[in-house]
Amino acid sequence: MSSAVDEYLTGLSRALPGPRRRKADLLAEARDHLTDATEALEADGLDHRQAEREAVADFGALDDVVPGYRAELAVSQSRRTAMLLFLVLILQPIVWQENAWSWNQDPVQESALNDFLQTLVRSIGMVSIAGAVLAVIGAGVGMRYPIIRDRISRVTAQFAIVSSAVISAIGVGMASTSTRPGTLLDYAVVSSFVVLPLLVVGLQAGRCLRLARA
């Protein structure tokens with residue numbers, strides 16, 4: 001027969017999506033607290049089962065406890081999302097370097113749209129990298145400040161989703177507006193090194209947003 005503590009922790013685990021490592025840490029901390037509380041109650045004269053039930057009751061109902069844990073997991077997920085966005089974007093200069101691919105070589109004929117997209121992606125890329133760095137900092141030292149702690153997860157998720165979608169769209173647009181041959185290769189490069197990595201970022205950001213709204 002499972003104990004009251006085990007049943008409580010099982011219910012808590014089921015109610016908590018999010019990064020597995022951080023979730024495991026939180027559950028371990030909860031178990032340690034409940035174990036200590038149980039031992040203290042036993043020392044006061046309660047039998048083990050009753051002491052466990054009292055410890056669980058004192059810890060709080062799941063409906064009251066889960067939101068705080070989810071907020072903690074949302075912050076951890078936002079930190080992971082921001083770091084992943086930063087890593088993906090910091091590698092993009094390899095993809096966008098001048099004359100590396102047909103879409104950013106000297107054009108056979110002038111394309112105002114392609115020129116504009118090349119300029120735009122550099123600007124947006126720099127803004128996104130800076131935003132990712134700020135999000136990582138905000139999810140770390142910024143947690144000392146309530147105004148940041150209460151908003152960091154949702155803002156990071158929304159920023160990552162928008163950045164990923166816009167940069168992916170620009171990459172596809174640049175490949176589509178190239179005036180040189182080699183379009184299929186262009187799409188393959190954009191898909192492999194731009195769209196797919198940023199899709200992963202977007203999925204992580206979606207998980208972060210769901211946690212932040214929970």
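Is R31 buried, partly exposed or exposed? R31 counts as partly exposed, at 38% relative accessibility; buried means under 20% relative accessible area, exposed over 50%, and partly exposed in between (1.4 Å probe, protein chains only).

The model is predicted, so local features need pLDDT of at least 70 and side-chain atom pairs count only at pLDDT 80 or more, while totals for chains, interfaces and linings use all residues. Residues are numbered from 1 along each chain as its sequence is written, and side-chain values use heavy atoms, with hydrogens and water left out.

**Salt bridges**

The structure holds 3 salt bridges, each defined as a side-chain nitrogen of Lys or Arg within 4 Å of a carboxyl oxygen of Asp or Glu.

| Salt bridge | N to O distance |
|---|---|
| D6 and R31 | 3.1 Å |
| R22 and E29 | 4.0 Å |
| R22 and E72 | 2.9 Å |

The salt bridge between D6 and R31 links distant parts of the chain, with D6 in helix α1 (residues 4–14) and R31 in helix α2, 25 residues apart. Helices are DSSP runs of H or I with at least four residues, numbered from the N terminus. D6 is partly exposed, at 30% relative accessibility.

R22 also pairs with E72 through a salt bridge. Because R22 lies in helix α2 and E72 in helix α4, this pair ties together parts that are 50 residues apart in sequence. Salt bridges with shared partners join R22, E29 and E72 into one network. Relative accessible area is 23% for R22 and 34% for E72, and E29 has a relative accessibility of 46%.

**Surface patches**

D32, D36, E39, E42 and D47 gather in a surface patch of negative charge. Patches are made of residues with over 30% relative accessible area and no salt bridge, like charges being joined within 9 Å and nonpolar side chains (Val, Leu, Ile, Met, Phe, Trp, Tyr) within 5 Å. D32 belongs to helix α2 (residues 20–43) and is partly exposed, with a relative accessible area of 48%.

A nonpolar surface patch is formed by M83, L87, I90, L91 and I94, with about 460 Å² of accessible area together. Helix α4 (residues 62–90) gives the largest share of this patch, 3 residues, whereas L91 is placed in the loop between α4 and α5 (92–96).

**A buried serine**

S163, in helix α8 (residues 152–176), is buried, with a relative accessible area of 5%. The side chains of S163 and S128 make a polar contact at 3.1 Å, a term for a pair of N or O atoms within 3.5 Å, one able to donate a hydrogen and the other to accept it.

Methods:
Accessible areas come from the Shrake-Rupley method with a 1.4 Å probe; for residues, only the protein chains shown count as cover. Lys and Arg count as positive and Asp and Glu as negative; His and the chain ends are not counted. The place of a charge is taken as NZ of Lys, CZ of Arg, CG of Asp or CD of Glu. Helices (H or I, at least four residues) and strands (E, at least two) are DSSP runs, numbered from the N terminus.
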